[in-house]
Every structure is written in C-alpha cells, then in structure tokens.
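The sequence and structure come first.

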Amino acid sequence: GSSAVAKIVGAVTPMRVTVEATRGPAVWLPRMEQGTVDLGTLSTIDGYYAARGLAPLYDRPRSWLRTLQPVPLFNTGTIVRQASNLFKLADLKGKRIAWGYAGIPVAMINVEAMLRSAGLTSKDLDTRVSVPGTDEGMTAIAEGRVEATFPGAPTVARLRELDAAFGIRFLQGDCSPEGKKRVEEFIPGVTMAVYPAGYGVLKEDTCLLAHYMNLAVSKDMSD
C-alpha cells in the first residue's frame, strides 16, 4: 500500500514522505495539480480515466499525469453467498448487485471491466442497488439486499468475517483469450488472470480482474 511505498521512497531517496489517507485519486489528483500532493498510488483504471478525463470518474483530461513505475498486480472480483446458484460472472445477468460506490466510484468501473470478460455490461443486470462504498456493499450482501457486490481483492480483511458468518465465494470471470480481449478493449492495460486457491478467501483457483497499481508523481517534481 501507500505506507510501503512511502517507506521505500524515504529509505532510498533524501525525500521525507508523509502518508495521508484519502478516498482515492479522484480526491488527491486535484491537489497534486495544485501542488499540495507530490506522490500517490493509483490503479491502471484510474490512470486511464484521469489522463483522458472520462466520466464518471473525472471531469477533464489530466495530460500532465506521470507514473514512475507499476507496483505489483492488483486483483479484484465480485462476491456472492456460498449458498447461491451463482458461480460465474455470466450468471449475474438479471441479478441484483451493489452499485454506484459514490465514495470510490472506480469500484464501479472495476465491475464494468470484469463483466466485459463474460460478454456483459451493467445494463444486463436486473437491479443496481446504490451503496456509498465497498464496505456498505458487503453489508448489503450480508443483509440480503443484493445478490452480489464488489469488495475489492480476496485479501480484504472483512471477507473472512463474512465467510465465517454465511460463506462467500468469488465469481469466476472468463480468462480465455476472448474474455481477456473484451476486457483489454474496454480499458487497455487491464486483463483477467487466475489466482490460486488459498489466496485470501479463495476456495478454488479463480479468474479475477488484474491490473497494476502505479506510483504517480506531480508534474512539478524534478527528475
């Protein structure tokens, strides 16, 4: 995470790095543009949308955005209750899913991207239940208000609590060449990859969305 990046940067450069928690790049990128933030980590999805000024994440292009290097691959997926008859992302057609994620809207784009692997878009879902964030999405599935939600990666701490309470599983995406191509056409640099059973709460090898986190720097920072 950002703390690890700060520790490394502080150790190998003369810079003194202070970590500040925010709701993500949609919050700190405007501050970077103003010169009050120098470094930040953002996903490939955020970088793609920010540089081009694509809705619903950004209001205008930020062509000045620079990234130094990718941080290890980040993987995300969609969960359902273990007792459900949903096993693949394709099974979500006509189902109720948590949506919106107003506090961290890039979560919604993650879901749009992984749905592409199965040949779906959010328009194929029956009902999109608005939630402010990923934690509230997990609460919604615990309360039975949605059939699926986006929690982030299989290593998210709260997933173990949900798994112990009623059992969960990550839905399988499509890691075929065709599935990957559909995702990569939606957002270049984003793909699908198989992660092994035992990784976080995964109970079987599972095809998830995969993309890099990146270290972004201010346009005013010297080389």
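## Basis of the model

The model is predicted; local features need pLDDT of at least 70, side-chain atom pairs count only at pLDDT 80 or more, and totals for chains, interfaces and linings use all residues. Residues are numbered from 1 along each chain as its sequence is written, and side-chain values use heavy atoms, with hydrogens and water left out.

## The chain overall

The protein chain has 7 helices and 8 strands, taken from DSSP runs (helices H or I, at least four residues; strands E, at least two). Of its 223 residues, 43% are buried, meaning under 20% relative accessible area with a 1.4 Å probe.

## Helices α5 and α6

Helix α5 (residues 134–142) packs with helix α6 (residues 158–165) at an angle of about 0°, and their axes, lines fitted to C-alpha atoms over the stretch in contact, are 11 Å apart. That makes the two helices α5 and α6 roughly parallel (angles under 35 degrees).

Asp 135, Met 138, Thr 139, Ile 141 and Ala 142 of α5 meet Arg 158, Leu 159 and Leu 162 of α6, where contact means heavy atoms within 4.5 Å.

## The disulfide

Cys 175 and Cys 207 form a disulfide, with sulfur atoms 2.1 Å apart; the cut-off is within 2.5 Å. Cys 175 lies in the loop between β6 (168–170) and α7 (177–186) and Cys 207 in strand β8 (residues 206–217), so the pair ties together parts 32 residues apart in sequence.

Cys 207 is buried, at 4% relative accessible area.

How values were computed:
Axes are lines fitted to C-alpha atoms, for helices over the stretch in contact, and angles run from 0 to 180 degrees between N-to-C directions. Angles under 35 degrees count as roughly parallel, over 145 as roughly antiparallel, 65 to 115 as roughly perpendicular and the rest as oblique. Buried means under 20% relative accessible area, exposed over 50%, partly exposed in between (1.4 Å probe, protein chains only).
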